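Work through the exercises below with the sequence and the model side by side. Try each task before reading its solution.

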Amino acid sequence: MDIQPVVQSIADAIAAALKIEVEIANHHFIRVAGTGEQKVSVLRKMEGDLVYQSAIRTGQPLVIENPGFEEVCERCLFFENCAETGEICAPITYRDRSLGVIGLLAFDEEQRRRLFENTEGTLTFLSKMADLLSSKLHEHEMFQQLTRSSEKMVKVMNLVNQGIIVIDEEEMLHETNQKAEILLGIENKSFIPSYVKNLLKELTKGPEEFNRTISLTINKEERKLYITKQKLSSTGKFSEYLISLQDVNEIRSLAEMATEEQKKPFDQIIGVSPQIREVKEYAYRVSQSHSTVLIQGESGTGKEEFAKAIHKSSLRKEYPFITVNCGAIPENLLESELFGYEKGAFTGADSRGKPGKFKLAHKGTIFLDEIGEMPSLLQVKLLRVLQEREIEHLGGTGPIPVDVRVIAATNKDLKDLVANGSFREDLYFRLNVIPIILPPLRSRREDILALSEYFISTFNHLFDVNVLGIGEDVKELMLNYSWKGNVRELKNFIEYLFNFINVDWITMESAGDLIQRKLDIKKEKKDLSTAPASFLLDKIEKETIMKALNYIRYHNLKIEDASELLGIGRATLFRKIKKYQIET
C-alpha cells in the first residue's frame with residue numbers, strides 16, 4: 001500500500017504487454033492494483049479470494065484452468081458460477097515472507113488462449129514481476145530509512161552548539177546547520193554574503209586539516225571564530241570537507257562556567273576576607289594537579305574542609321576520599337590501618353585480611369590529618385609510598401601499586417619537629433610539595449560575622465527556632481575576641497547560645513552572662529605561650545625582633561601581634577626595625 005502508485009503502473013504495464021487483465025493484492029486481500037473491470041475495485045477488500053489465500057499460505061504459484069470447478073474453489077462464494085475463464089497467480093515474497101499476490105485473469109476465450117499458450121513462460125514472467133515488486137518495496141524502505149537518517153542528521157547537526165558546514169574544493173557550500181548560519185550571518189541560503197564566499201575560498205586552500213582562529217566582520221561587528229577543518233570524503237575529482245565553527249567568546253564563557261562549576265565545593269567554605277578568598281583560589285588551582293599537598297594551620301581553621309574541597313574539585317572526585325587521623329589511632333594499629341594486612345598476619349587479625357586505607361583510596365585521595373603525630377617507623381614507610389607509589393600489606397609477599405593523591409595536615413610547625421629530630425626531613429620535603437597555610441580567624445576578622453550568620457542559619461534549621469541574629473554589642477565583643485579555637489570554637493559558641501536562646505536577637509542584655517561564662521571575657525588575654533622562649537626583652541634586640549617577625553609571618557599574624565609578643569608599642573617596634581634595617 002505504501003507504493004500503490006508504483007504497483008498500479010506495473011499492473012498496467014503487464015496488462016498492456018500480455019493483453020490479459022491483472023490484479024495485485026496484499027496479504028490482507030486488499031486489491032492494491034487492477035486493470036479492466038478490476039480497476040474500479042482498487043483499495044477494496046476482495047471477495048472469493050481462496051486462490052490467493054492458498055498462494056500466500058504455501059508461497060507457491062497456482063494455475064487455475066477451470067475457475068469455479070476446482071478443489072480450491074469449493075468454499076468460494078462463486079463456486080460453479082465464476083466469471084473467470086482462467087487464472088494464474090504467484091506470491092510476492094519479501095524478506096522470506098509472502099506480502100501479497102499477483103494474478104493474471106482471463107474473462108473470455110481469447111484471453112484464456114493467450115494465458116495458457118505458454119504456462120511455464122507465464123509463470124516465469126510472473127515470478128520476475130513479483131521480484132520487481134519486491135525490489136520496489138526494498139527501494140521504498142531504503143529511501144524511507146535514508147530520509148529518516150537524513151532528518152536525524154539534520155536534527156543532530158542543529159542540536160550541536162557548534163556551527164557545521166560542508167564544502168567541496170570548488171568552494172560550493174553543501175550543508176549548513178542553524179548555528180553556522182547564525183555565526184556567519186546567513187539569513188537566506190539562496191544568498192551567500194560575499195564575506196562568507198571569501199571565507200569558503202580561504203578554507204578550500206591550504207592543508208586538508210587544520211585548527212585556526214579567524215576574524216570576520218559581520219554587520220559591522222567583528223567576530224572571532226575558532227575553525228576546525230577535516231576531510232570528509234572524496235567523490236570523483238572533488239573532496240568534501242567538514243568545517244566546524246565556534247565563537248571564541250562562547251568558548252571562553254563555557255570555560256568560565258566549567259571552572260565555576262568545579263569551584264563549587266569551595267563555596268561551602270564560608271569567608272569574605274581577602275585572606276580566605278586568596279587561599280580558596282590557590283587551593284582550587286592546586287586541586288587540578290595530582291601533587292601532594294601539606295595543609296598547615298591552627299586547630300579549628302578548617303584543614304579537613306579544604307582537603308575535601310580539593311578532592312571534590314579534582315579529577316579524582318568520582319573516587320574515594322579517605323580520612324585518617326594519625327594522632328587518634330594507637331601506634332601499633334596505625335600501620336595496619338594505613339597499609340592493610342594479609343589474613344593471619346598477626347594474632348587477632350581478621351581472618352579475611354584487611355585492604356588498608358591506601359588501597360581503599362585507590363584512584364582517589366587520602367587525607368592524613370595530624371601528620372606530625374605519625375610515629376618514626378611509619379614515617380619511613382609513608383616516605384616509600386610517596387616515592388614508589390606502592391604499598392605492602394603486613395604479612396604480604398610483594399608490593400601493591402596504588403594511585404592515590406596524598407593531602408596531609410598539621411597544626412604543628414613541622415620545621416620545628418624536623419629540627420628536634422621527631423619528624424623526618426626527607427618526608428617533610430615529600431609532603432610539602434604544595435604548601436597551603438590557613439590563616440587563623442583572628443587575622444581575618446571580616447569572616448567572624450559571615451561565619452556567625454551562616455552558623456545561625458544552620459542552627460535555626462537544626463533546632464527549629466527563629467534567632468534573628470547577633471546584636472551590635474555582641475558583634476563588637478566577638479570581633480575583639482581572639483578565637484584561639486578558630487572556626488571550630490566560633491561554631492561551638494553559637495551552638496552553645498542556641499541551647500538557651502531561640503527567638504529574637506542575641507544581645508549582651510539577653511545573653512551577657514552566657515557569653516561571659518563561655519568566653520571567660522574578664523580573664524581573657526592574648527595567649528603567647530606557643531611563642532619561642534627567646535622572645536624576651538633581655539635578649540639581643542635585633543635577633544629577638546627578627547624571630548618575632550618570622551613567627552608572625554609563619555602564623556599569618558599582624559604586626560601588632562609582634563609588638564605584643566615583644567612587649568613594646570607598635571611605633572617602638574617600627575623604630576627598631578628601621579634602626580636595625582630589618583626586612584619586613
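Two strands pair if DSSP finds at least two bridges between them. Strands (E, at least two residues) and helices (H or I, at least four) are DSSP runs, numbered from the N terminus. The model is predicted, so local features need pLDDT of at least 70 and side-chain atom pairs count only at pLDDT 80 or more, while totals for chains, interfaces and linings use all residues. Residues are numbered from 1 along each chain as its sequence is written, and side-chain values use heavy atoms, with hydrogens and water left out.

**Exercise 1.** Find the order of the strands in the open sheet with parallel pairing, and name its edges.

Solution. Step one: the 5 strands follow the order 12-13-16-11-17, and they pair in parallel. Step three: from one strand to the next, the twist averages 20° (axes are lines fitted to C-alpha atoms, and angles run from 0 to 180 degrees between N-to-C directions). Step four: strand 12 is joined to strand 13 (residues 365–369) by 5 bridges in the parallel sense, and Asn 325 stands opposite Asp 369 of strand 13.

**Exercise 2.** Compare the span of helix 12 with the expected one, then locate its buried residues.

Solution. Step one: helix 12 (residues 376–388) has 13 residues and reaches 19 Å from first to last C-alpha, close to the 18 Å expected at 1.5 Å a residue. The expected span is 1.5 Å times one less than the number of residues. Step two: Leu 378, Gln 379, Leu 382, Leu 383, Val 385 and Leu 386 are buried (buried is under 20% relative accessible area, exposed over 50%, partly exposed in between, with a 1.4 Å probe and protein chains only). Step three: these residues lie on the same side of helix 12 because they cover an arc of only 160° around the axis, taken from the directions from the helix axis to the C-beta atoms.

**Exercise 3.** Is each of these loop residues buried, partly exposed or exposed: Asp 96, Glu 370 and Ile 186?

Solution. Step one: Asp 96 lies in the loop between strand 4 (86–94) and strand 5 (97–106). Asp 96 is exposed, at 79% relative accessible area, and has a positive phi of about 60° although it is not a glycine. Step two: Glu 370, in the loop between strand 13 and helix 12, is partly exposed at 31%. Glu 370 is not a glycine either, yet its phi is positive, about 55°. Step three: Ile 186 belongs to the loop between helix 5 (178–184) and helix 6 (194–204), and is buried at 8%.
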